[in-house]
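Please walk through the main features of this structure.

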Amino acid sequence: MAETMAAKSGKSLVIVESPAKARTIRRFLGQEFTVEASIGHIRDLPQGAKEVPERYKGEPWAYLGVNVDQDFAPIYVIPPDKKKQVTKLKSALKEASDLYLATDEDREGEAISWHLSEVLKPKVPVHRLVFHEITEEAIRNALESPREIDDGLVKAQETRRILDRLYGYEVSPLLWRKIGRGLSAGRVQSVAVRRIVQRERERCAFVAATYWDLLGIFSPDEGKPFEATLVSLDGRRIPSGKDFDAKSGRLKDERLLLLDEAAVRELARRLEDQPFQVAGVEEKPFVARPAPPFTTSTLQQEANRKLGFTARRTMSVAQSLYENGYITYMRTDSTTLAQVAIEAARELVRSEYGETYLPLQPRMYASKVKNAQEAHEAIRPAGHPFRLPESLRHELSSDQFRLFELIWKRTIASQMADARGQRTTITLECNGAMFQVSGKTIEFAGFLRAYVEGSDDPQAELADKETLLPKVARGQTIRCLELQSKSHTTQPPPRFSEAALTRALEEMGIGRPSTYATIIDTIQAREYVFKKGNALVPSWTAFSVIRLMEQHLTNLVDYEFTAQMEDFLDSISRHEEGHRQYLHGFFWGNDVPGLKGRVEAKIKEIDARDISRFSLGRPEDGEEVFVRVGKFGPFLEQGERRASIPHDMPPDEMKLEKAIELLNKGQAEDEPLGHCPQTGRPVFLKTGRFGPYVQLGPVDESQKPKNASLLKGMSPEEVDFQTALRLLELPRTLGSHPTTGEPVVAQTGRFGPFVKSGSETRSLPDDLSPLDVSLQQALELLAQPKARGRQAAASKEPLRVFGESPVTGEPVRLLAGRYGPYVTDGQTNASLPKNTEPETVTFEMALQWLAERFAQKGPSKKKAAGRTAAKKSAKKGTPRTGKKTTRKAAKKKGE
C-alpha cells in the first residue's frame, strides 16, 4: 500500500477536452503534471438500437435512451470510438496522485467533467479547474483555487440533452410518415427553419410598387456641386419605399403624392433653368458610441459581414485561437470585461492613440439579450498586456490572424472615447418643389480610429462616413445644373444571411449562440435550406414541415415557448428549478396532453397530401395549380399534368405564370421520341430537378423506369430518338479483357464517363464518349498507370480555373473528382458543399471552402502522418520512408 501511495505521489493528471488545448496547457505546467485530452464527450445517450444496453432492449422507452417511466433517467453509454480513449485515461489515472478536470466552463464543459468523474471513478482527490483563457497566469490561478463540479450546470446540460432527444425522436418519425424519410425536427432547429420560411412567405406575398422622383445636381457660389432629392411638391410629401404596403403594393397613406414618369418629366421641364432658394439649413450634433466587446453571436455576425466567414468557420478559427492561448473562451453571452482586461485595453489606447482618445472612466457593458450568462467574460485577447496583432502575424494562419485582429480592434475600441460630429440637412425650394440633402462631418473620430464596423480599413471607412456639404445660408440662391428623373421599385424583405439569422435567434432568446453554427449546418444538410449567394433559402420540404408543425404541434415551433424552455434551463443551472417536473409536463403532460400523447393523436389526424400541397392559383382557362412535395422532391401538379421544379429555384419565384410554363414544357416531354424496338416501351426526353435526361417507359408506382442523364456538353435539342436509345444502353459492355477475362464496360457516373474492368477504372478523356469508345481504346486506357493524389488533379482537365491563391500563389481550380467536384489551390483540396452546382462556384466561394478545409485539417497533417509512419517503421526495423501510411491517409481523405 505504501509503495502504491509513493508511486502516486509524483504526478497530477489534468484532463481537458482537446489535444490542442492539452498541448498549450503542457507549456505552462511542470513535470509534476500529466495533461491528457478526453476528445470531447466520452459518454452520451445511445445513438441507435445497437448501442442500447442489452438489459434495456425490451423496455418500451429503449428507443429514446431515456427512462421516461422513472424520473427520466438517461441511459449513458460510451460510444465505440471513445472506448480506446477512456482506457487510456483510466491507465493514466492509475499513476496519478490527484485528478484535475480542466474542461470548459460552460454547461457542456461541466457535463464532460462530471462524466469523466463518473466513468473513471477516481480514488484520488478530484478538483475542478475553471479558466476563461489559456495563459500561464490563468492556469496558475485556477490551480490555487479549484472548485467542485457544479451540479446545477450538469443538470441543465443533461435536461437540455434529454429535451432534445425526446423532441427529435418523437417528432422526426411523424415527419417521416407524413412528408418523407431522412427529415428531422429539433428544439432550436425547427424554430430556425420556421423563421426562414416565414420570411420567404413574406417574399411570396410581396407586391412590388414603382415610384418616381427627381435627383437634382446643384452648384453653390463656393464649393463643390452636390446632389439633392425631391421630397415634396406643393406641400405633399413624395413617398419612399417604406411608404408602400408590402402585400398590396399600394400607398399606406393616400395623402402622399405618387408621381409617374410623365409627371416627373413634366416637373423637370417646369423647373429647368429656374433659380432655387435655400429654404433651410439644420445642423445637429451627434455622438456615436463604440460597440461592446464580442459575444459568440456578435463575433459570428461581424466575421460574416467583414470577413465573409460562415458561422462554422468563425467558430472553428476561434476555437483554435482559444486553445492556443490567443483569445479568451469563445462561447459566451457576456459583454463584460475583467478589470485586468479593461486596464490592458486602456493602456493600449493611451500608448497607441493618445490621452484624448481615452474616456475619463472605464466603460462597463451589460448584455441586452435574453438569457445572457454574465458569469463568463466577453471574447478578447488573452493575457495582459495585450499583444499587438502585427507581432503575431508570423505565428498565426491567415484566418487566425484576421479573426484575432478583429477581436483585438473591437476590444480596444470598446474602451475608447465617443466619436463626435455634426449632421447637416439642406432644404432647397423652387416653385413649390422641395429638394433635400443630408450630410455628416466627423469632428472627433474617437473609437472609429481603431475599429469601424463593416470595414478592415478604418481610415477609408472614416472618409466614407463623412458626407461633406458646402456652406450655404438661408435665402441664398443656388444654381441647378441638372435634373434627373429616377425610377424606384420597392424590394421584398431580404432573406436571412447566417449573420442575420444568428442575430434574430439571439434577440428572441432561442438556443445558445454556441450552437448556431451547428444548427445552420444541420438545416442545410437536411435540405430544409440552401444557399443562394449569402442568403438562406428555404426548400418546399421546409414549407411542408413547418406547415405540419404550425398546424398540429404549434407550441413546439412557438418562439416564446422555445425561449421559455431556454429560461427554464438557466433556472436549473442556478439551482432554482427541478428538472424532473418540467420533463414530465413536457413529455406526458399535466392538465393537457404532452408531447407523447399529441404526436400519437396526430398520426391518424394529419392528411399527408394536404400538408405537402401548396396552391399557386387557378388560371382563367384551367384547373388549379399546386406545388406538391413528393418522395423524390417537389413537383408541380395541375389535374393529370406533372412537371419537375428545378432544385435551385426559390419558392418566391414560383408564380402561377412560371408554373404554367413548366407544366407546358413537361407536357411536351410526355410526348415520346419513339418506342424502344426491344421492349416496345416509349422513350422520353425529360427535364428533372438536376437537369435533362432520357427515360424508358412511363413512371410506374411498382417499378422505377430506367433513365440516363445526358452526357457533358450534350444539349436536349441535339438528342434524337437514336441518341436516346444509345444513352439508355449505358453501361455498354465492350468485350472481355484479354488477360483477366473480366468484362470491359463503358459507362457514365455522377462525375463523368469512364471505363471499368474488374476493380480497375479509368476516366475517359473529353474527346472520347462512352457511346463511341471501342474495346481497343478502353484497353489502352486501362493499361495506363492510375493517376493518384496531386498527379491525378494535375492531369485532369479543370471544370473552371480561377485566380491565383493568396496562400500558395497557384491557380485555384475546380475539378471533378471520384467523390464529387472539389476545388484545389495545389496544397489543399475542399469538396463542394452538398447541392452546390459547379456552375455557380465563384472565386470567393472557392477561397472560403479552402480556408475552412485548411482550418480543419491543415497541410501539416500529412507531415504528421509521415512522421508517425517513420516512427512505426523504425520500431519494426524497416526503412523510414513513411510512404505507405501517407498513401493510406491520402486515400482516406479522398480528393
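Strands S11 and S12 (residues 433-444) pair in the antiparallel sense over 11 bridges; two strands count as paired if DSSP finds at least two bridges between them. Helices (H or I, at least four residues) and strands (E, at least two) are DSSP runs, numbered from the N terminus. The model is a predicted one, in which local features need pLDDT of at least 70 and side-chain atom pairs count only at pLDDT 80 or more, while totals for chains, interfaces and linings use all residues. Residues are numbered from 1 along each chain as its sequence is written, and side-chain values use heavy atoms, with hydrogens and water left out.

Nine of the 12 residues of S11 (residues 419-430) are buried, so the strand is largely enclosed by the rest of the structure. Buried means under 20% relative accessible area, exposed means over 50%, and partly exposed lies in between (1.4 Å probe, protein chains only).

The chain as a whole gives the setting. There are 27 helices and 31 strands in it, and 50% of its 895 residues count as buried. Among contacts in the chain with a separation of 6 or more, 65% are accounted for by residues 24 or more positions apart; contact means heavy atoms within 4.5 Å.

Next come two open sheets. Strands of a sheet pair through backbone hydrogen bonds, either parallel or antiparallel. Strand S1 (residues 11-16) pairs with S2 in the parallel sense over five bridges, and the bridge partner of Val-14 in S2 is Val-35.

The other sheet also has four strands, in the order S16-S17-S18-S19, and its pairing is antiparallel. S16 (613-617) and S19 (641-644) stand at the edges with a single partner strand each, so one side of each is left without a neighbour in the sheet. The twist averages 30° from one strand to the next. S16 and S17 (residues 625-630) pair in the antiparallel sense over four bridges, and Phe-614 stands opposite Val-627 in S17. Helix H16 (residues 540-552) packs on the sheet and touches S16, S17 and strand S18 (633-638); the direction of H16 makes about 115° with that of S16.

Two packed helices are described by the angle between their axes and the distance between the axes. Axes are lines fitted to C-alpha atoms, for helices over the stretch in contact, and angles run from 0 to 180 degrees between N-to-C directions. Helix H9 (residues 296-307) packs with H12 (residues 398-413) at an angle of about 115°, the axes being 11 Å apart. On the H9 side the residues are Thr-298, Leu-299, Glu-302, Ala-303, Lys-306 and Leu-307, and they meet Arg-402, Leu-403, Leu-406, Ile-407 and Arg-410 in H12.

Helix H10 (residues 311-323) packs with H12 at an angle of about 85°, with the axes 10 Å apart. The contact is made by Arg-313, Thr-314, Val-317, Ala-318, Ser-320 and Leu-321 of H10 together with Asp-399, Gln-400, Arg-402, Leu-403 and Phe-404 of H12.

Two loop residues complete the picture. Thr-328 is found in the loop between H10 and helix H11 (339-352), and it is buried, with a relative accessible area of 1%. Leaving aside neighbours within four places in sequence, the contacts of Thr-328 include His-132, Tyr-322 and Arg-380. Val-188 is found in the loop between helix H6 (151-178) and helix H7 (189-205). Val-188 is buried as well, at a relative accessible area of 7%. Not counting residues up to four places away in sequence, Val-188 touches Ile-510, Gly-511 and Ile-519. Val-188 and Thr-562 are 374 residues apart in sequence and 7.5 Å apart in space, C-alpha to C-alpha.
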